[in-house]
Amino acid sequence: VQLQACGGGLVQPGGSLRLSCVASGSIFSINNMGWYRQAPGKQREWIATITSGGNTGYAGSVKGRFTMSRDDAKNTTYLQMNMLKAGDTAVYYCNAGVVSTGSLAETAYWGQGTQVTVSS
């Protein structure tokens, strides 16, 4: 199983970006999916989670600006980021709890990260 994140880039303050994270491989089901970010010199921080039932939770720093969704038919999760600020600059990582085909156990996988830079 692999997770591939994309959609990052350079955007001006106040702008928007949409990140995508696609899971591929021998997947039976995907439970919770999450987005994290790591800014230079800082620890990786959690920013959003979506459950298999579609319930979402957000860190206070992004609540009201970021929206997480998922498309289970495509094994994909999205992070719509609006009203971006310089403080949102970071490498963004996706995470998913995956049950592989033929397995009874859930395994956590991470994507490789995509850079988001908010600057004028």
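Modeller: Happy to! Two strands count as paired if DSSP finds at least two bridges between them, and strands here are DSSP runs (E, at least two residues), numbered from the N terminus. This is a predicted model, where local features need pLDDT of at least 70, side-chain atom pairs count only at pLDDT 80 or more, and totals for chains, interfaces and linings use all residues. Residues are numbered from 1 along each chain as its sequence is written, and side-chain values use heavy atoms, with hydrogens and water left out.

Let's start with strand S3 (residues 17–24) and strand S8 (residues 76–81), which run antiparallel and are joined by six bridges. Within this pair, leucine 19 has leucine 79 of S8 as its bridge partner. Both strands belong to an open sheet of four, ordered S1-S3-S8-S7, with antiparallel pairing. Strand S1 (2–6) and strand S7 (66–71) are at the edges with a single partner strand each, so one side of each has no neighbour in the sheet. From one strand to the next, the twist averages 15° (axes are lines fitted to C-alpha atoms, and angles run from 0 to 180 degrees between N-to-C directions).

Now for strand S11 (residues 114–118). Strand S2 (residues 9–11) runs parallel to S11, with three bridges joining them; here leucine 10 is partnered with threonine 117. Strand S9 (residues 90–100) is also joined to S11 by three bridges, but this pair runs antiparallel, and tyrosine 92 has threonine 114 as its bridge partner.
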